Amino acid sequence: MLSTNHHKTTDHLKKANPFGLFPILVFFILFIGIGAISGDIYTLPAVVGFIIALIVAFLQNPNIKFSQKIQIVSSGIGDDNIVTMLFVFILAGAFSGIVKAAGGVESTVHFGLSVIPPNFMIVGIFIVGCFISVSMGTSVGTITALAPIAAGVAETTQLPLALCLGAVICGAMFGDNLSMISDTTIAAVRTQGCEMKDKFKMNFFIVLPAAIVTILIFMIITANTSFTITENLTYHIWQILPYFVVLVGALIGLNVFLVLILGIVTSMIVGLSMHTFTFTEMFGHLNDGISSMYEITIISIIIAAIFHLVKENGGIQFIIDFIKKRVKSRKGAELGIAGMALLVDCCTANNTIAIVMSGPIAKEIGDEFQVQPKKMASILDIFTSVGQGIIPYGAQLLTAASTASAVSAISISPIDMIPYLYYPILMGISAILFICFSKDSKKDN
C-alpha cells in the first residue's frame, strides 16, 4: 500500500518546479547568514538548520496530505544507500572507539612518526588513503579508518589538523571515484550501459594528473616541515594489528561491513590481551565510539527526508530540465552533465543518489549527442565526487570532523578542511580540461 501511494504521488509531481528547491535555499540562508552575523560559520548547528529546512519542505505543496508526505520521507530514509550508510556509520564509530581504547591510534601514530620522514608524512597519509579507498570502495569507511591516525599525527607533530584530515579526504575521494566496488562506480556504469573496466580505464587517466599534482602540492607545502619529538615513541605492533587487518581486508576487496567487523573484533582481542581495558569496560568504549557518530547519523536521515520531499516537489527535476534545455553540442552535453551531476550532488549531499537521479537524463543526452557511455559514466562519477569531496555538510567532511573530535582534544569543523581539499578540486579541473580537449570520433563503449 505504501509503495503504491508513493508511486502515484511521484507521478503526479513529475513536473519541474524551482520552488521545490526552497528548503535547500532556506538552509543555506540560515547557515551562512547566521554564521556571517555572528562571525562563526558554525553558530547554527547543522542538524538544527536541516530540521528547519525539513519543516519548510513539509509545509510546501498543500495538495499532498501530511500522511502521504510521511510515506515519501519514510521511503527516502529507507533507501538501500541510506540504510547502508547509516550502518557503516555505526560500525565505523564502534571501530574508532574500541581501537583507540586498545591503544591502536597511539601506536600507529608513533610507528608512522618513527619510519616516515616529517616532510613525507602528509603525502603518506594521502597515498595510504588512495589505496584503502580503491580497495574498500567507500570514502566514509576510509575516512573512519584514517581520521583517528591523522588526528594523532596532528597532536604529536603540531601539524594543522585540517591539513592532516584534508589529506585523508583527498585519498578517500580518489578511491570513491575509481574503485570497482564503489556504489558510485556501479551506479554510473549501470545507468550508462558500459563495461566497468572501460569506465575505470578512462576515469583513471582523467584523474591521474590530479592525483600527481596533489602529491606535489602536499610535498611543497610540507617541504620544510620539521618537528622534534620529546616523548618516547613507544609502539606495539600488536596494537597496530587492527588497522593492518582493516587495510588488508580492504585491499583484497572484502565488503566494508566485514572489514569493519573484523577490525572491531581484532581491537577487542588486542585490548583484552594487553589489558588496556577489561571485558566490562570494552562495551563502554564501543558505546562511546558509536555515540560519537550520532550527529552525523541524524543529519544523514534528515537530509534523506529533505531530498525526497524536494524531489517530489519537482526541485531536482527543475535542475535536470534547466541543464538539458541548454545543451546544444557534444561538448556542451558533457559539460552540462558535469554541471548537473555537481549541482544535484550539492543538493542531495549523496553522490550515489545524485548519479542515480542524473543517470537516466545523462544517458538520454549522451545518446542524442553520440557521447561514449564510458565517458559519460566517468563524468557522472567524477563530478558527483567533486561535490561530495568539498561540501561541508556532506558525510565525508562531517565524518572526518566527528571521528577526529572523538579521538582528539583538538576541535575542528568541516569548513576548516576546505582549503586543503586539493584533490577534489583538481579532479574537477582535470575533467573539464579532458572534456574541452578530448576528441570522440565516434560513439562506442
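A residue counts as buried when its relative accessible area is under 20%. This report applies that term to a predicted model, with attention to its salt bridges and one of its pockets.

**Salt bridges**

Side chains of opposite charge can pair when their charged atoms come close. The structure holds three salt bridges, listed below.

| Salt bridge | Distance between closest N and O atoms |
|---|---|
| Asp381 and Lys199 | 2.7 Å |
| Glu334 and Lys375 | 3.2 Å |
| Lys363 and Asp367 | 3.6 Å |

Lys363 and Asp367 are four residues apart in helix H18 (residues 351-368), so about one helical turn separates them. Lys363 is partly exposed, at 25% relative accessibility, and Asp367 is partly exposed, with a relative accessible area of 30%.

**The second largest pocket**

The second largest pocket contains about 450 Å³ of space. It is lined by 20 residues, of which Thr108, Phe111, Val128, Leu146 and Ile149 are the closest to its centre. Helices H6 (104-115), H7 (121-136), H8 (139-157) and H12 (237-251) each give two or more residues to this lining. By type, the lining of the second largest pocket comprises 17 nonpolar residues, three polar residues and no charged residues.

Key:
Residues are numbered from 1 along each chain as its sequence is written. This is a predicted model: local features need pLDDT of at least 70, side-chain atom pairs count only at pLDDT 80 or more; totals for chains, interfaces and linings use all residues. Side-chain values use heavy atoms; hydrogens and water are left out. On a 1 Å grid over the protein atoms alone, a cavity is a set of points where a 1.4 Å probe fits but cannot get out, and a pocket is an open set with protein on both sides within 12 Å along at least five of seven lines; lining residues have an atom within 4 Å of a point. Grid points are joined across faces, edges and corners, and a volume is the space filled by probe spheres set on the points. Ala, Val, Leu, Ile, Met, Phe, Trp, Tyr, Cys and Pro count as nonpolar, Asp, Glu, Lys and Arg as charged, and the others, Gly among them, as polar. A salt bridge is a side-chain nitrogen of Lys or Arg within 4 Å of a carboxyl oxygen of Asp or Glu. Buried means under 20% relative accessible area, exposed over 50%, partly exposed in between (1.4 Å probe, protein chains only).
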